[in-house]
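Keep the structure in view as you read.

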Amino acid sequence: INCAAIPKDLIESELFGYEKGAFTGATDAREGVFEAANGGTLVLDELGELSVELQPKLLRALESRTVCRLGETKPRTIDVRFIASTHRNLQHEVKAGRFREDLFYRVGVLTVRMPSLRERRDEIPRLFRHFLSKIAGDDPPSVTNDLLEVLKGHDWPGNVRELRNFAERFFVLRDVSP
């Protein structure tokens with residue numbers, strides 16, 4: 001789930017679930033994403049957007065491998081592989097007091113840094129052609145080497161999303177300026 005896309009007052013119930021009557025509108029019990037992912041993998045996108053108030057609850061769930069639904073006192077055991085991603089530099093967030101240090105070390109078992117598109121310019125032609133084939137199907141438009149060189153020279157501040165959007169615009173308008 002995308003932590004940035006869920007309102008702060010709903011994220012806890014999304015993660016951990018709730019029991020009937022736990023709050024106004026909770027007419028039925030509902031499992032959270034931790035329970036739903038039991039035996040599998042849970043991916044939390046934009047982990048750096050979680051409120052400081054919710055971070056200890058996430059830490060507890062990860063450490064104890066249990067969750068408590070809202071309105072419930074008995075913990076439920078979970079077996080979940082946990083993957084988190086964020087665009088934020090969590091080390092800086094810890095220093096600024098916006099991300100708990102203990103949670104940072106708990107989720108930082110293995111860190112994979114995805115280099116920006118401008119750091120891997122040689123991949124741009126292949127990615128651009130891939131996006132065009134996804135958009136156009138069996139009949140993608142022809143792409144000149146000159147265009148590919150222009151694309152490789154662009155900084156792509158929006159990274160792969162910006163390149164994908166450009167591919168869509170190119171397909172529709174044949175506009176060659178990124």
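In this predicted model, R126 has a relative accessibility of 53%. R126 counts as exposed because the cut-off for that class is over 50%. R126 forms a salt bridge with E123, and the closest N and O atoms are 3.7 Å apart. E123 is partly exposed, with a relative accessible area of 29%.

Side chains of opposite charge can pair when their charged atoms come close. A search of the whole structure finds 19 salt bridges. One of them joins the side chains of E49 and R88, at 2.7 Å from N to O. What does this pair tie together? E49 sits in the loop between β3 (41–45) and α3, and R88 in the loop between β6 and α4, so the bridge connects parts that are 39 residues apart in sequence. Both ends are partly exposed: E49 has a relative accessible area of 26%, and R88 stands at 31%.

Now turn to D155 and R121. Their side chains meet in a salt bridge of 3.0 Å, N to O. This pair also links distant parts of the chain, 34 residues apart. D155 belongs to the loop between α7 (145–153) and α8, while R121 belongs to the loop between α5 and α6. D155 is partly exposed at 44% relative accessibility. R121 is partly exposed too, with a relative accessible area of 25%.

Some charged residues go beyond pairs. E19, E35, R69, E72 and R76 are linked in a network of salt bridges.

Next, the open space. Rolling a probe the size of a water molecule over the atoms shows where empty space is left. The largest pocket holds about 1,400 Å³ of space. Its lining takes two or more residues from each of α3 (55–64), β6 (81–85), α4 (90–95), α5 and α8 (159–173). How many residues line the largest pocket? The count is 39, and A84, S85, T86, V112 and M114 lie nearest the centre. By class, 18 lining residues are nonpolar, ten are polar and eleven are charged.

V112 is placed in the loop between α5 (101–107) and α6 (124–136). Is V112 buried or exposed? V112 is exposed, with a relative accessible area of 67%. Together with V109 and L110, V112 makes a nonpolar surface patch of about 370 Å².

Methods: Residues are numbered from 1 along each chain as its sequence is written. This is a predicted model: local features need pLDDT of at least 70, side-chain atom pairs count only at pLDDT 80 or more; totals for chains, interfaces and linings use all residues. Side-chain values use heavy atoms; hydrogens and water are left out. Patches are made of residues with over 30% relative accessible area and no salt bridge: like charges are joined within 9 Å, nonpolar side chains (Val, Leu, Ile, Met, Phe, Trp, Tyr) within 5 Å. Accessible areas come from the Shrake-Rupley method with a 1.4 Å probe; for residues, only the protein chains shown count as cover. A salt bridge is a side-chain nitrogen of Lys or Arg within 4 Å of a carboxyl oxygen of Asp or Glu. Helices (H or I, at least four residues) and strands (E, at least two) are DSSP runs, numbered from the N terminus. Buried means under 20% relative accessible area, exposed over 50%, partly exposed in between (1.4 Å probe, protein chains only). On a 1 Å grid over the protein atoms alone, a cavity is a set of points where a 1.4 Å probe fits but cannot get out, and a pocket is an open set with protein on both sides within 12 Å along at least five of seven lines; lining residues have an atom within 4 Å of a point. Grid points are joined across faces, edges and corners, and a volume is the space filled by probe spheres set on the points. Ala, Val, Leu, Ile, Met, Phe, Trp, Tyr, Cys and Pro count as nonpolar, Asp, Glu, Lys and Arg as charged, and the others, Gly among them, as polar.
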